[in-house]
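Biologist: I am new to this structure. Please take me through one part of it closely, step by step.

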Amino acid sequence: MAVKKQSFEEAMGRLEAIVAQLEKGECGLDQSLKLFEEGAKLAGQCEQLLDQAEQKVNLLLADGREVPFEGEEDDGI
């Protein structure tokens, strides 16, 4: 099954649905393999999108300043 380019959120949503379907264990072997293949492609797409986002963040921070992400501890600096 060809995976169309989707937004990160769309791809993650579909990937979560595939995982849930596989975890139920109700699919036959052929269907499970098709779902696994689609999931692997989606995981690769999500990884690529995250890498692109990381590169954009690195470009924005190229001036040498570090900006802590939400949830990171701030050392008071």
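Modeller: Start with Val19, which is partly exposed, with a relative accessible area of 40%. One caution comes with that value: this is a predicted model. Val19 sits in helix H1. Now look across to Gly39. Along the sequence, Val19 and Gly39 are 20 residues apart. In space, their C-alpha atoms are 7.9 Å apart. So what brings these two residues to that distance? The pairing of two helices is the part to look at.

Step back for a moment to the whole chain. The protein chain has 77 residues, and 13% of them count as buried. Its secondary structure comes to 2 helices and 0 strands. Helix H1 covers residues 8-24, and helix H2 covers residues 29-60.

How do the two run relative to each other? Two packed helices are described by the angle between their axes and the distance between the axes. Here the axes of H1 and H2 come within 9 Å. They cross at roughly 150°. An angle over 145 degrees counts as roughly antiparallel. H1 and H2 are therefore roughly antiparallel to each other. Their crossing is left-handed.

Next, which residues meet? On the H1 side they are Phe8, Ala11, Met12, Arg14, Leu15, Ile18, Gln21 and Leu22. On the H2 side they are Ser32, Leu35, Phe36, Glu38, Gly39, Leu42, Ala43, Gln45, Cys46, Leu49 and Leu50. Sorted by type, the residues of this contact are 13 nonpolar, 4 polar and 2 charged. Gly39, from the opening pair, is among the H2 residues in the contact.

Follow the contact to Phe8 and Leu49. Leu49 belongs to helix H2. Along the chain, Leu49 and Phe8 are 41 residues apart. Yet their C-alpha atoms are separated by 6.6 Å. Leaving aside residues up to four places away in sequence, Leu49 touches Gln6, Ser7 and Phe8. Leu49 counts as partly exposed, at 26% relative accessibility.

Take the contacts with a separation of 6 or more: residues 24 or more positions apart account for 67% of them.

Now turn to charge. The model has 2 salt bridges. In one, the side chains of Glu38 and Arg14 meet, at 2.9 Å from N to O. Glu38 lies in H2 and Arg14 in H1, so this pair ties together parts that are 24 residues apart in sequence. How accessible are the partners? Glu38 is buried, with a relative accessible area of 9%. Arg14 is partly exposed, at 29%.

The other salt bridge joins the side chains of Lys41 and Glu37, at 3.5 Å from N to O. This pair stays within one helix. Lys41 and Glu37 are 4 residues apart in H2, so about one helical turn separates them. Lys41 counts as partly exposed, at 38% relative accessibility. Glu37 is partly exposed too, with a relative accessible area of 39%.

H1 and H2 are roughly antiparallel. Residues of both helices meet, among them Phe8 in H1 and Leu49 in H2.

Key: Residues are numbered from 1 along each chain as its sequence is written. This is a predicted model: local features need pLDDT of at least 70, side-chain atom pairs count only at pLDDT 80 or more; totals for chains, interfaces and linings use all residues. Side-chain values use heavy atoms; hydrogens and water are left out. Axes are lines fitted to C-alpha atoms, for helices over the stretch in contact, and angles run from 0 to 180 degrees between N-to-C directions. Angles under 35 degrees count as roughly parallel, over 145 as roughly antiparallel, 65 to 115 as roughly perpendicular and the rest as oblique. A crossing is left-handed if the near helix is turned anticlockwise from the far one by less than a right angle, and right-handed if clockwise. Contact means heavy atoms within 4.5 Å. Ala, Val, Leu, Ile, Met, Phe, Trp, Tyr, Cys and Pro count as nonpolar, Asp, Glu, Lys and Arg as charged, and the others, Gly among them, as polar. A salt bridge is a side-chain nitrogen of Lys or Arg within 4 Å of a carboxyl oxygen of Asp or Glu. Buried means under 20% relative accessible area, exposed over 50%, partly exposed in between (1.4 Å probe, protein chains only).
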